[in-house]
Amino acid sequence: MPDLGPEFARAVRSMPKGVFKEDEKGIHVDFMDLFRKQPQVAGPGEIMELANIIASNDDPVSLALFWGAVLLIGVPLILGMIMIMFGLHRKPKNLVPATSSILPFGVTLWYSRDPLGLVLAQTKKHLRGFTIPIGFTEFTVFGGLKGQKEIAALPEEKASYAHGFKVFHENVLVSGGLKKFHDEFLRAVMTRPEILAKVYEAAPRILRARLENVKVDEPVDLFQLSGDIAARILLFLAIGERLYDENDDDIIPSILAADRAAMTPSQWYLRSWSPTANAGRIACRNLGIVVVEELELIKEKPISDPHLDLLHILHEASPKLSAEGLVSHINLFVFGNFSDLANTVAWTLYHLIKDPSLKQRTVVELKQQGLVPLPESLSHDVLVAKRLPILTSVVKEVGRLYSPLFQTTGLLKKQSINNYDVYFCDIVATSPASITLSEKFYDNPTEFDPSRFLDAEAIEKLVASKKYVQFHNAKHAWFDPVVAETVIKAVILPVLVAQYDIRFVDSKLTLKPSYHFSMSTPSVATPALVTLLDASKAAEASSAAHSPKTSSKKTPKKSK
């Protein structure tokens, strides 16, 4: 077995005795294919297409087969789906199956114009929580501060963010056998000093390369731009510099499209009706092709360079892990972190643009800390030690005001939570928004007020009491929360805020968060068009416009 570093050894030592095979040669460790695919079953689209082909045939035998299948299979299946939608297949429980009129809450939620208001009202109405039946799985929401604490207290061997992510987005069952070892190893690996150094070296280069493609005075969507930047940084960490440079133009558009499609109302509607209809098939086909080609290349010529990306670290730790399993891991890393990273940047920029005085104070702070212009050499420890109280308060307030509607966790074992039984494959969730937007915990919770996070001790108390959670997904998708916040504050924002003059095309634009497109930090439903201009050029243009004009008088012609 290759030397995988001290993180691997620590993860092995932390496991209970008997988990790994041991003989006279020592302990044998290998990753299980944690994400095992279920037997492939045709979804509603495939079934309808097949039924249409049979029904359009004039052959009497085919028609008899079709109508026989409809009566014997189709009708009972539809009735069964209706029962499942309303949770009638389970015994009565303490929690309330959330229904609205004649449709289940899971359908009405994402077709509602105000899903946040709907969830907040449901949370207040049912303090102990409520359920949303989706297919053969229940989505159980434990709202409020008590629910947040109970879910956070679940041990790792019984609950897993990765499991909930896979069940919800890919219909993939996660084996819990080595889950603790698996997460502990990857979380430690992704914070290796050499990997962090690569992050801070590559992020500014990726950011500037993307901004160079933005033409002067060309309107761009602020949220799409920040999403593009976040996707590129995460993909770089996932597959490495060489594969990123070769395939970024093919993979990035599919990542952006897949993330936005994952939470559309139609996907939720189908997911409510069928156990085989996904809430967004996020395993990008282009990414799968790249992984397969790389594995073939490694077989022919093993790579001797140190591995500083998730793909090659995983392959080295588990050579038997399939290409599909590798893509599934990369999906979790990229999509688990994407919305939080991208939308936090976008909302922070939005509030800085809307408040020029706040932006100016932020720029002054960045200059005082030596982050403008951005140094060529960046160290994680040095960046974390930088005192950025103003920018930190803005980022923290963005995390509070735009908290996720849900934070999901998948159950690996049957568990009793608040006298309510949840089972393997059930998805449990908390609603951070129901806490951070509550007047019980925050004064004027719907107003943007960064001053409430200027005190570092106050932040620590809020985090310890579970009244404030930011970058929660990063911890469970192997991207350290401190690293995520540092990349935003000390790399992305110094470049965007200080080096570019960003203005809204419509100066009166007011944005509202939309929870239709993200299970994490919310995005927006309408485009937020901005223009980007180099800050130095913008200053020159502004000074030229305000400089006094010299009048030139024409001398009259002399008459002959």
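**Note on helix packing and local backbone features**

1. Helix α16 and helix α22 (residues 481-499) pack with their axes 11 Å apart, at an angle of about 120 degrees. That angle makes α16 oblique to α22, since angles of 65 to 115 degrees count as roughly perpendicular. The crossing of α16 and α22 is left-handed. The model discussed here is a predicted one.

2. The contact between these helices can be given by residue. On the side of α16, Lys359, Val363 and Leu366 take part, and they meet Lys489, Pro494, Val497 and Ala498 of α22. Sorted by class, the residues of this contact are five nonpolar, no polar and two charged.

3. Helix α16 (residues 356-368) also meets helix α15 (residues 323-354), where the two axes come within 5 Å and cross at roughly 110 degrees. The pair is therefore roughly perpendicular. From α15, the contact involves Leu352, Ile353 and Lys354, while α16 contributes Pro356, Leu358, Lys359 and Thr362. By class, the contact of α15 with α16 holds four nonpolar, one polar and two charged residues. Lys359 of α16 is named in the contact with α15 and again in the contact with α22.

4. Two packed helices are described by the angle between their axes and the distance between the axes. For α15 and α16 these values are roughly 110 degrees and within 5 Å; for α16 and α22 they are about 120 degrees and 11 Å.

5. Within helix α22 lies Ala490. Is Ala490 buried or exposed? Ala490 counts as buried, because its relative accessibility is 1% and the cut-off for buried is under 20%. Leaving aside residues up to four places away in sequence, Ala490 touches Leu371, Leu374 and Leu383. The C-alpha atom of Ala490 is separated by 8.5 Å from that of Val384, although these two residues are 106 residues apart along the chain.

6. The loop between α16 and α17 (380-385) contains Pro373. The peptide bond from Val372 to Pro373 is cis, with omega near -5 degrees. This deserves a remark because most peptide bonds are trans.

7. Lys466, which is not a glycine, has a positive phi of about 65 degrees. Trp478, also not a glycine, has a positive phi of about 65 degrees. Lys466 is placed in the loop between α20 (456-464) and α21 (472-476), and Trp478 is found in the loop between α21 and α22.

8. How exposed or buried are these two residues? Lys466 is partly exposed, with a relative accessible area of 31%. Trp478, by contrast, is buried, and its relative accessible area is 0%.

9. Some values for the protein chain as a whole complete the picture. The secondary structure comprises 23 helices and 17 strands. Of the 560 residues in the chain, 52% are buried. Among contacts between residues at least 6 apart in sequence, 77% join residues at least 24 apart.

Note on methods: Residues numbered from 1 in each chain as written. Predicted model: local features only at pLDDT ≥ 70, side-chain atom pairs only at ≥ 80, totals over all residues. Heavy atoms only, no water. Helix = DSSP H or I, 4+ residues; strand = E, 2+ residues; numbered from the N terminus. Buried < 20%, exposed > 50% of the residue type's maximum accessible area, 1.4 Å probe, protein only. Contact = heavy atoms within 4.5 Å. Axes fitted to C-alpha atoms, helices over the stretch in contact; angles between N-to-C directions. Parallel < 35°, antiparallel > 145°, perpendicular 65-115°, else oblique. Nonpolar A, V, L, I, M, F, W, Y, C, P; charged D, E, K, R; others polar. Left-handed = near helix turned anticlockwise from the far one by under 90°.
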